[in-house]
Amino acid sequence: MKRIMPLAALALLTLTGCSVGKYEYSREALKRVDMNFTGIPTVLGVGSLGTSIPITPEYSLTAAHVAKLSVQRVKAYHPYCDLAIIYHKNDMKTLPKFRQGEIGAPVKMYGYSFITAMPVESSGVNLARTGIRNEWNKRPCVAMASNAGVVKGMSGGAVYNGDDTIGGVIVGFTNQIKRHKAGSGPLKDVSLYIPYADFKDWLQKTTS
């Protein structure tokens, strides 16, 4: 495993189980995110699913591993983080606003459950920034760890700050991340998302 400095933590995105933390059915999620189907069967027999975020009348933002198998056409993949922009017709009166969230700040997450195919949401706070390494996330990708709940299917969903701006995109969860700070134990059962600061320039360039 490569050493990442000066990040507060390092996560190898190894998913265990189906979820971490608490989440619940949400009508609000219907307004903020869309369900994205793929051709891979689920326990419901209707195909796998992920989540995407409408960002313009023509495009939606999602996780790259969702876009890879989505029925929607991909406009662009992020060069080193698990993110993609897909072509998607969105009925939008106003465009969403983005803002980087801070450690300790409250967040809400919105997406769709792989288990029930229902819209869900969760609440929590940002815990730490972490390097993230797997097939979809490479150096210098950085994620934010949160104690907000996540269930499979929420990947590609939206992370909202307390002021109703979008702070990032959900990419998964892990059972543990190691912190390098002396005397700090590992963070357990955390959700992970790519924060806005790490894709701001790419997003603006790709959608302009």
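In which helix do Arg 32 and Glu 28 both lie, and how many residues apart are they? Both residues lie in helix H1, 4 residues apart, which is about one turn of the helix; helices (H or I, at least four residues) and strands (E, at least two) are DSSP runs numbered from the N terminus. The structure is a predicted model, in which local features need pLDDT of at least 70 and side-chain atom pairs count only at pLDDT 80 or more, while totals for chains, interfaces and linings use all residues. Residues are numbered from 1 along each chain as its sequence is written, and side-chain values use heavy atoms, with hydrogens and water left out.

Side chains of opposite charge can pair when their charged atoms come close. A salt bridge is taken here as a side-chain nitrogen of Lys or Arg within 4 Å of a carboxyl oxygen of Asp or Glu, and by this rule the count comes to 6 salt bridges. Glu 28, Lys 31, Arg 32 and Asp 164 are linked in a network of such bridges, and its pairs are set out below.

| Pair | N to O distance |
|---|---|
| Glu 28 and Lys 31 | 3.6 Å |
| Glu 28 and Arg 32 | 2.9 Å |
| Arg 32 and Asp 164 | 2.9 Å |

Arg 32 lies in helix H1 and Asp 164 in the loop between strand E13 (158-161) and strand E14 (166-179), so the pair ties together parts that are 132 residues apart in sequence. Glu 28 and Lys 31, by contrast, are 3 residues apart in helix H1 (residues 27-32), and are therefore separated by about one helical turn.

For accessibility, buried means under 20% relative accessible area, exposed over 50%, and partly exposed in between (1.4 Å probe, protein chains only). On this scale Arg 32 is buried at 15%, whereas Lys 31 is exposed at 67%; Glu 28, at 25%, is partly exposed, and Asp 164 is also partly exposed, at 45%.

**The loop between E9 and E10**

Ser 113 is placed in the loop between E9 and E10 and is buried, with a relative accessible area of 1%. Its side chain reaches the backbone nitrogen of Ile 115 at 3.1 Å, and a polar atom of the Ser 113 side chain lies 3.2 Å from the backbone nitrogen of Thr 116. Leaving aside neighbours within four places in sequence, Ser 113 is in contact (heavy atoms within 4.5 Å) with Leu 49, Met 118, Val 120, Val 151 and Lys 152.

Met 118 belongs to the loop between strand E9 (106-112) and strand E10 (119-133), and at 38% relative accessibility Met 118 counts as partly exposed.

**Nonpolar cores**

A nonpolar core is a set of buried Ala, Val, Leu, Ile, Met, Phe, Trp, Tyr and Cys residues joined through side-chain atoms within 4.5 Å. The largest has 34 residues, and those with the most contacts inside it are Ile 53, Leu 61, Phe 98, Ile 194, Phe 199, Trp 202 and Leu 203. A second, separate core of 13 residues includes Val 20, Val 151, Val 159 and Tyr 193.

Conventions
Polar contact = N/O pair within 3.5 Å; in protein donor to acceptor, adjacent residues only side chain to side chain.
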